[in-house]
Amino acid sequence: MKELILGNEAVARALYEAGCRVLSSYPGTPSTEISEYAAKYDEIYCEWAPNEKVALEVAGGAAIAGARAFSAMKHVGLNVAADPLFTLSYTGTNAGLVIAVADDPGMHSSQNEQDSRHYARASKTIMLEPADSAECLAYTKLAFDLSEEFDTPVLLRLTTRVSHSRSPVELSQRQEIDLRQYEKDPGKYVMMPAMAKRRHEIVEKRLEEQRAWAEKCDINTVEYNSKKIGIISSGTTYMYAKEALGDKASYLKLGCVYPLPVDLIKSFASQCEEVFVIEELDDFIESHCLKHGVEVKGKALFSFLGEYSQSLISEKILGEKADTLKTDLEVPGRPPVLCPGCPHRALFYSLKRLKVFVSGDIGCYTLAALAPLSMMDTCICMGASVSALHGRNKANPENAKKSVAVIGDSTFIHSGITGLIDIAYNKSDSVVIILDNSITGMTGHQDNPTTGKTIKGQPAQTVDLEKLVKSVGIERVSVIDPNDLKNSLKVIKEELEKPGPGVIISRRPCALLKYVKHAPPLKVDRGKCTACRMCMRIGCPTISFKQGKAFIDATQCVGCGVCQQLCNFDAIN
Amino acid sequence: MSVKSIMIVGVGGQGTLLTSRLLGKALMSQGYDVKVSEVHGMSQRGGAVVTYVKYGEKVSSPIVEKGEADLIIAFEPLEATRWLEYLKPGGEMIVNTQQIDPMPVVTGAVEYPEDVIEKLQATGAFITPIDALPIAEEIGSVKIVNVVLVGAMAGCMDLPLDIWRKSIKETVPEKFIEMNLKAFDAGYGIKTCLIEE
């Protein structure tokens, strides 16, 4: 029986079917659901790790111990996990180790558009790229077999459209795989120079074997139709090409994107009059072709930026464009916003009142960078808010009185704590605000070491943020309720005036959490409202202007009361 | 048959994902190849959201492009306008008339456009406006606006009625099944136009 499931769900199903025993991941769009679906299988030990480096080390340790193991992350997560990846490539894995890395062309929910295929080449690791949910399942299972055959980690490259599209998948039963024997072998598993030199030789030899495999493996497929146009592609872009060109073109679909075949590409290209490489993001396949003297067109026609589509391919290659309907209406944008009742809104309003520089981080609260709050100055990567603030304040000590860092609870555990240790250790005059909303919010509510629950919903040890912060050497730690505007303003102001480092924990659970009880919706008294628009400064999506007065949408308002504190005329009740 | 393309567009939080899942399930049960492309993550926070559903004998690309959609279900008039270009000339659009102001309108930076439905109709597209909010409220909850719209969508697709009802029963929590079925029936009763095979 076929089921209509997400690519991510199909990867999770493959973990179950392939006898995977250990999963460790950190959430990141578009990879998150893989681990959430896998957690539903009792047969797989699953966990949220504090970050991707820890996650991959856990999975690597499990594989060396003999269990099939897995880790999923978004593209930027692999930057964090790159350290273990490069050396696990040297040690090899004993039992199968598969790493899913989800790229986000078009940046639906990311801070950059990096192409993870470069990691496969840089770490000398084989990389497979599925194009739909059925391939997600098949390739993940194949990845475990390849990992064991070649004794190497295997990367599974996903993209947003593959991870977050549903297509039919045939399910099958779990195959129980016995734990492999671990044998002590320091020459293989202890990477010091003498041992690593010998392992590097093995890695290069292994790559040659993988190249030979890539020439004839059955996931690199050729389909000949009209030979006027030859298309070399992989993943979802292959699907776009297939839809745009149908049998007007022949196709070489590469299921294995590293290492790439040479002879297969040459023989395909020699059969076709004109050959195009269609790949989103970088010219990874194109440069390989050019390096081996195969004449192809790629980035001369197609962009390095964003997502492709069937219509783009049809336009670039066939010169065809679809008719469209048009109106003269100007359509205002609809950017994402902080939810009604979101505790971040009030905190950023207090920061706006203080006119401070905000060193920002990755999470829902990054949305505070948008109007009308417009209260973020920088946002680079997970954890950078804390360390970059320290750098700013060392660059010019005057900055310290007017600058703060903001970081969510999960992001703080991920990589904010190391920056805070730097602040304590190197005598920084920095104020860090931890936005503790008791959940990993932006990726859709995952538990983390501060929430008291595991990925499977079991009770867990809870990190005590106050104690943790104190134990690294921060002496002043205060806790505020961000929705109490008066007190928040007072505490933040005092902290900025004091010398030395301070941490403020802004604590209130995410308004979308099921256990959070909401007050009845608030209403504007039109008689008292003077249309001063004070209540609109916080950017609450429930408040608008109707017939010259403020209006609160009762279907959305959760009665958080922040707008009430702003009204000088007692018009909101 | 050729591949049919449907888009479900709206504002994050309006329940567009549930709608595409119901539709995908119903189409699968009829033996079609189906692809559904969803939006997760950042845009769910009150931003513009779009979901694509494609079905036919064999579907390759999971996304729908400009000029390709046979049918668009818009949960909000402004979103209907945003995605109008994606409609195939001669295609149909069902528009929920419940207006939700985006942040640039809330802050007063821009105005919400006037006479949206009339201007959409002037393009020659077949537009069916539906005020689903009061219908949903009368049945029992503002949260079932999406299922009223699923009903209206079912009215313009050639699938057996019991397939939809089964798909709803399998997708929504048990205690809400009855209310959802009522919402579906209310939407189904609204006259729309049939997508041609």
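Reply: A:E148 and A:R180 form a salt bridge, with their closest N and O atoms 3.4 Å apart. A:E148 sits in helix α7 (residues 133-150) of chain A and A:R180 in the loop between β8 (165-170) and α9 (186-189) of chain A, so the pair ties together parts 32 residues apart in sequence. Keep in mind that this model is predicted.

Me: Is A:E148 buried or exposed?

Reply: Burial is read from relative accessible area, and buried means under 20%. A:E148 has 16% relative accessibility, so A:E148 counts as buried.

Me: Which residue forms a salt bridge with A:D151?

Reply: That is A:R199, and the closest N and O atoms are 3.9 Å apart. This pair links distant parts of the chain: A:D151 is in the loop between α7 and β7 (154-159) of chain A, and A:R199 is in helix α10 (residues 193-216) of chain A, 48 residues apart. Both A:D151 and A:R199 are buried.

Me: Which residue of chain A forms a salt bridge with B:E76?

Reply: A:R334 does, with the closest N and O atoms 3.0 Å apart. B:E76 lies in the loop between β4 (69-74) and α2 (77-82) of chain B, and A:R334 in the loop between α14 (310-318) and α15 of chain A, so the pair joins two chains. B:E76 is buried at 0% relative accessibility. A:R334 is buried at 8%.

Me: How many salt bridges does the structure hold over all chains?

Reply: There are 40. Some residues link up in a network of salt bridges: A:D103, A:D115, A:R117, A:E129, A:R157 and A:E279.

Me: Now the charge patches. Which residues form a positive surface patch?

Reply: Look for like charges gathered on the surface. Here A:K352, A:R353, A:K355, A:K402, A:K493 and A:R537 form a positive patch. Of these, A:R353 is found in helix α15 (residues 343-354) of chain A.

Me: And which residues gather in a patch of negative charge?

Reply: B:E111, B:E114, B:D115 and B:E118 do, on the surface. B:D115 belongs to the loop between α3 (103-106) and α4 (116-121) of chain B. B:D115 is partly exposed, with a relative accessible area of 48%.

Me: Where is B:I94 placed?

Reply: In strand β5 (residues 87-96) of chain B. B:I94 is buried, with a relative accessible area of 0%. B:I94 and B:F126 are 32 residues apart in sequence and 8.5 Å apart in space, C-alpha to C-alpha.

Methods
Residues numbered from 1 in each chain as written. Chains lettered and ligands numbered in written order. Predicted model: local features only at pLDDT ≥ 70, side-chain atom pairs only at ≥ 80, totals over all residues. Heavy atoms only, no water. Patch = residues over 30% accessible without salt bridge, like charges linked within 9 Å, V, L, I, M, F, W, Y side chains within 5 Å. Areas by Shrake-Rupley, 256 points an atom, 1.4 Å probe, with all protein chains shown as cover. Salt bridge = Lys/Arg side-chain N within 4 Å of Asp/Glu carboxyl O. Lys, Arg positive; Asp, Glu negative; His and termini not counted. Charge placed at Lys NZ, Arg CZ, Asp CG, Glu CD. Helix = DSSP H or I, 4+ residues; strand = E, 2+ residues; numbered from the N terminus. Buried < 20%, exposed > 50% of the residue type's maximum accessible area, 1.4 Å probe, protein only.
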